[in-house]
Amino acid sequence: MAADSHDTIRVLGARENNLRGISIEIPKRRLTVFTGVSGSGKSSLVFNTIAAESQRLINETYSAFVQGFMPTLARPDVDVLDGLTTAITVDQQRMGADPRSTVGTATDAYAMLRILFSRLGDPHIGSAQAFSFNVASISGAGAVTFEKAGRKVKERRDFSIVGGMCPRCEGRGEVSDFDLSQLYDDSKSLSEGPFTIPGWGAEGWYGRIYSGTDFLDPNRPIRDFTEEELNDLLYKEPTKIKVDGINLTYEGIIPKIRKSFLSKDREAMQPHIRAFVDRAIVFRVCPDCRGTRLSDLARSSKISGMSIADLTTMQISELADWLRELDAPAVAPLLDSLQHTLDSFVRIGLGYLSLNRPAGTLSGGEAQRTRMIRHLGSSLTDVTYVFDEPTTGLHAHDIERMNELLLELRDKGNTVLVVEHKPEVIDIADHVIDLGPGAGAAGGEVCFQGTVDGLRSSATVTGRRLDDRAALKDSVRAPSGVLEIRGASLHNLREVDVDVPLGVLVVLTGVAGSGKSSLVTSSMAGRDGVVVVDQSAIKGSRRSNPATYTGLLDPIRKAFAKATGVKPALFSANSEGACPACKGAGVIYTDLGIMADMAVPCEECEGRRFRPSVLGYTFGGRSIVDVLEMSVTEAGEFFAAGESRIPAAHRILRRLADVGLGYLRIGQPLTTLSGGERQRLKLATQMAEKGEMYVLDEPTAGLHLADVGQLLALLDRLVDDGRSVVVIEHHQAVMAHADWIIDLGPGAGHDGGRVVFAGLPGDLVAERSTLTGRHLADYVGAESPSHQ
């Protein structure tokens, strides 16, 4: 039958981002893994072409009215896409940082618990919304006028809504407060300039306003103020005053800071403002609800002696066991559905979480696996599941379980597409598509497609590296001292005492959820001289690029201005140098309603983003557009010597090259970078900080096997320069390269939180006493039997 011939997804002429018009056929109902160095075009092909077009076609099946409420999607730059099925994307995007979003609300588990309590809770307090920390309790009464039988009728109406929100913290679980010691020096008077708030110097407007009032004594130290004066200084409502004959408005410090600083997006703040906000604002657990987010009424209703707050605080694996003991035939279907969801958490290796865990605190890998849960029990078949490095954040022990889940989805009759670097996942593939040969402009081609055995025998970078195994180092560095950690107890840590060696490469290992990040957060982050590079996403609009994000553009603009005698602002596409037609965007956007916005290259600047007059100014024989088109490597050579020498720019470019981003165009939009590229861009930027200790959270995320060696060389350079480096890592090559290993476990959640090994990598392998030790021994044993 003709229907049986549609067994492949056919892609012809894909040109998204750096793809070079590639054409491939992907078998359906098989597990296909996409490999290649970071930046080779894997995400452009899988997410920006195949998954994006599937989503766009699904959206087009809705009416124009419904489409008006949906995001508009542009058609990918591809000639033909045949054989597509419904695509479900399970990516590594962090879950929203909304403080009211939790693991329970993100997976519907909390919604089912609320219904359960509205049916079985004793005492009965109302519907499911009575247990929602997103719904406030309100009541009111008043006259309502409406028409009835042709005449106006006025009636009195009462209404009330019973919600579960804690009124003190408004469902956030914590309240913010100001650390007054970070706002001013109370030993000084207002006339002496006591404020430590950025821009509030004694000679500035704020200093003059506060010292020029007639209700505060400008010559008395703040610590000697009366209660009323201190209240006026901190909280007084806006009041008209006259200072030096000028009419001004006085307002208390706290509301002024809320309006001027806290109303802005933290990520958009200048670094010194962000640092001030982080120092001045302190968060503490809400004293009324004790962090549960729920009102007293919501916590009063119980099932078998447990409130909904008690259950959401439990570890999910324990909650699943509690639910199994509950006998309630009247709500059996609800119990079955909730039980399946909780068991899926345990099965996928997230049983150590609790339902009240804020969603924004999950790592990229945890967020991705949480999204997987809703698909595990689905009855849908012939669906295309698209995964972005599902092993990120997973210990070697957990990768085996992830592989089982991927195969299970395939065996139900689905097409599974996985972007991945780990050999353990590549090994289970039915079909492999390797992109490359390089990254950025040097990638975008199909280097190999076929079986895993075929990949092994191919001459591609991935094929050659697939069976690479790092050996333990012959000798390790001696520490220069130790950082003592005593009594660490954040989250699941059990009063951990451990000495972290200084001046060496220390690797923190352990299964996901064993307490590694908690140890770093509670005992290392925040100390003087400690630079933490975590996995939080970097923000950037389509105007942002590596040059603007790293600060590289500043010395370049100044050099152009000095050489040409004009203002630096002319060499910014976001300022005076912007093309007036496209306002520096390079393209003209046309809103087509329910259709995707049209983006047409600007005719006036031909997509260059600058005024034509700006292009006449050159530095070292190149215009600003020529410079932004350079790769990091080219720009590094250009700014290294001769008349175009800019030491400040060269230092930044050298750091970008050190983290393996030499191929990136410095003017390439951040929105086109892959996850691995963004993290390394962040690492390069934070390396500029003068830290004595660097703490890195899984720096191998998104790195190809060939790039891991370059990362290890970078870590070695940092240590050889006198820095201490601590790495949270699951990659065995990094463990083998360590001078010292601290292994946490033995399990996750309540089963973890203890140091199960601290010592030399060779001893960990020899003892094989922990999960990490056994997997590392197997890894290095492939080519290093002498180490076993």
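The structure holds 12 aromatic pairs. Rings of Phe, Tyr and Trp (its six-membered ring) pair if their centres lie within 6.5 Å; planes under 30 degrees apart count as stacked, over 60 as edge-to-face and the rest as tilted. This is a predicted model, in which local features need pLDDT of at least 70, side-chain atom pairs count only at pLDDT 80 or more, and totals for chains, interfaces and linings use all residues. Residues are numbered from 1 along each chain as its sequence is written, and side-chain values use heavy atoms, with hydrogens and water left out.

**Aromatic rings**

- Phenylalanine 117 and phenylalanine 131 form a tilted pair, 5.7 Å centre to centre with 50° between the planes.
- This pair links distant parts of the chain, 14 residues apart: phenylalanine 117 is in helix 4 (residues 109–120), and phenylalanine 131 is in the loop between helix 4 and strand 6 (138–148). Helices (H or I, at least four residues) and strands (E, at least two) are DSSP runs, numbered from the N terminus.
- Phenylalanine 117 counts as buried at 1% relative accessibility, and phenylalanine 131 is buried at 0%. Buried means under 20% relative accessible area, exposed over 50%, and partly exposed in between (1.4 Å probe, protein chains only).
- Phenylalanine 638 and phenylalanine 639 form an edge-to-face pair, at 4.9 Å centre to centre and 70° between the planes. Both phenylalanine 638 and phenylalanine 639 are buried.
- Phe195, Trp200, Tyr210, Phe215 and Tyr250 are linked into a cluster by ring pairs.

**Charges over rings**

- Lysine 236 lies over the face of phenylalanine 215, 4.8 Å from the ring centre. The criterion is NZ of Lys or CZ of Arg within 6 Å of the ring centre and within 35 degrees of the ring normal.
- Arginine 293 lies over the face of phenylalanine 133, at 5.4 Å from the ring centre.

- An open sheet of 6 strands runs in the order 21-24-25-20-26-27, with mixed pairing. Two strands pair if DSSP finds at least two bridges between them.
- Strand 21 (530–533) and strand 27 (754–759) are the edge strands, each pairing on one side only.
- The twist averages 15° from one strand to the next. Axes are lines fitted to C-alpha atoms, for helices over the stretch in contact, and angles run from 0 to 180 degrees between N-to-C directions.
- Strand 20 (residues 505–509) and strand 26 (residues 740–745) run parallel, joined by 4 bridges. Leucine 508 stands opposite isoleucine 742 in strand 26.
- Helix 25 (residues 705–720) lies across strand 20, strand 24 (693–697) and strand 25 (724–728), at about 145° to strand 25.

**Glutamate 366**

- Glutamate 366 sits in helix 13 (residues 364–376). Glutamate 366 has a relative accessible area of 8%, so it is buried.
- Its side chain makes a polar contact with the side chain of tyrosine 352, at 2.5 Å. A polar contact is a pair of N or O atoms within 3.5 Å; within protein, one must be able to donate a hydrogen and the other to accept it, and residues adjacent in sequence count only if both atoms are side-chain atoms.
- Leaving aside neighbours within four places in sequence, glutamate 366 is in contact (heavy atoms within 4.5 Å) with Leu350, Tyr352, Leu353, Arg357 and Thr361.

**Proline 358**

- Proline 358 is in the loop between helix 12 (332–347) and helix 13. Proline 358 counts as partly exposed, at 30% relative accessibility.
- Proline 358 touches Ser101, Thr102 and Arg293, not counting residues up to four places away in sequence.
- Proline 358 and threonine 105 are 253 residues apart in sequence but 9.5 Å apart in space, C-alpha to C-alpha.
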